[in-house]
Amino acid sequence: MFDRLNKILVPIAGKLNNNRYLQVLRDAFMLAFPLTIFGSVAVVLANLPFLEKIMSDSALGTLQSALGPASQATISIMTVFVVFGIGYYLSRSYDVEAVFGGVIALASFLILTPFILTPEGAEPVTDVIPLDRLGAKGMFLGMITGFFAGEIYRFFVQKKWTIKMPASVPPAVAKSFAALIPAVFTLSIFLIVNIGVTQGLNTNLHDLIFNAVQAPLVNLGSGIIPTVIAVFFVQLLWFFGLHGQIIVNSIMDPIWNTLMVENLTSYTETGEVPNIISKQFMEIYTVGMGGSGMTLAVVIAILLFMKSKQMKQVGKLSLGPGLFNVNEPIIFGLPVVMNPVIVIPWILAPMIVTLVTYFAMSTGIVPPPTGVAVPWTVPVFINGILATNSLAGGVLQLVNMGIVLIIWMPFLQVMDRMNVKKERQTENTETKAQTDHSSKEQAL
């Protein structure tokens, strides 16, 4: 069975992992990662749960107002960075001038963006860009625009529709002239599209894509069943030695990041969190408990309850990295990869924990993640508190680790007995060999 799955999944996973567009999308989101961390730190500082007890309402309002631009200039306009990143990395993958690919993609997105704000019950305000168009609401249009703009730009560059300058011209000037014609053609295409949509359909492409594509996909991705399916494939791919987190995230990150931005925007404005499933839900309550598969509980179980010398040694080597959510030592040292003895807990435990976490948050026992981006190397319990702005978020992680330990325990004991038996056989063989060697020496 494993051989058949291996033959089916490995080629598919390899193609997904090496797909140009998925790699570009992953790199584009990572471009925005340091900025989201900065904005998230500001949100955490402005919303610490004890501030309202030690500060007056006016002082707290002043502090939140002072820290507000940090998140508005980073997370709230995350689509801007993603669009630029897509144009940049896609152009670089084709070996054309990447910076111009990035700025042309961004300009194309802005051409499609309505520069008008219509407050409820008030007159429209022109020459302004609504913040949500640059954040969660514009995310999918931004990604689509970034890819199309990058492809159109590189097409004209590779077709040599460029202006060549003499060798004596400074490189920066020569590159600008080389990008002139491709930029004009690319931006003209998006301007024509915008004119067709606004004048012909009496709407804008933002609303069209949001209603037709983004809203249905986000609603689907925010459900618990698709989330559990995603967790299943992460674990299954890891079992065959493939980095399941990278492969699955490259497909699901656009949805989970959109939900994250929606959560943070709502949390900073109203204090409410609309979505349970988000990027932080996946990172903090799966990867954030010792790495993929939540293996910190497994390491602890090995160190406390197992007798095999081999397993004890693997546990000791895995504990330090596991505290910071790096679990390659346990995955390849236990091993997890292609080990039929532990395939059941490896796949089952994260799925059950995901269901338990969703239940705890949907019933209000634990608040869902606020959208604050927490670095994936932050240790368990601490990252749960930071992600939910609540002690309950960290306590839930400890409960989940207990569930993982209970599920894994019978299978670890089977492995432990097998390893102990092998170790004793090896020791007996070595002892017998030494005894025979000593007997021969005495005979001589």
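Colleague: Which residues line the second largest cavity, and what makes it a cavity rather than a pocket?

Modeller: V43, V44, N47, Y267, T370, V372, L386 and N389 line it. This is a predicted model, where local features need pLDDT of at least 70 and side-chain atom pairs count only at pLDDT 80 or more, while totals for chains, interfaces and linings use all residues. Residues are numbered from 1 along each chain as its sequence is written, and side-chain values use heavy atoms, leaving out hydrogens and water. As for the name, on a 1 Å grid over the protein atoms alone, a cavity is a set of points where a 1.4 Å probe fits but cannot get out, whereas a pocket is an open set with protein on both sides within 12 Å along at least five of seven lines; a lining residue has an atom within 4 Å of a point.

Colleague: What makes α11 stand out in the lining of the largest cavity?

Modeller: α11 gives the largest share, four residues. The elements giving two or more residues are α10 (224–239) and α11 (244–270); helices here are DSSP runs (H or I, at least four residues), as strands are (E, at least two), numbered from the N terminus.

Colleague: How do you class the lining of the largest cavity?

Modeller: Seven residues are nonpolar, six polar and none charged. Ala, Val, Leu, Ile, Met, Phe, Trp, Tyr, Cys and Pro count as nonpolar, Asp, Glu, Lys and Arg as charged, and the others, Gly among them, as polar.

Colleague: How much space lies in the largest pocket, and which residues are closest to its centre?

Modeller: The largest pocket holds about 650 Å³, with M30, N249, K279, E283 and W376 closest to the centre among 28 lining residues. Its lining has 12 nonpolar, 11 polar and five charged residues.

Colleague: Why does the second largest pocket lie between domain 1 and domain 2?

Modeller: Domain 1 (77–221) and domain 2 (241–443) both give residues to its lining, so the pocket lies between them. The domain bounds come from an automatic or database domain assignment. The space in this pocket is about 540 Å³.

Notes: Grid points are joined across faces, edges and corners, and a volume is the space filled by probe spheres set on the points.
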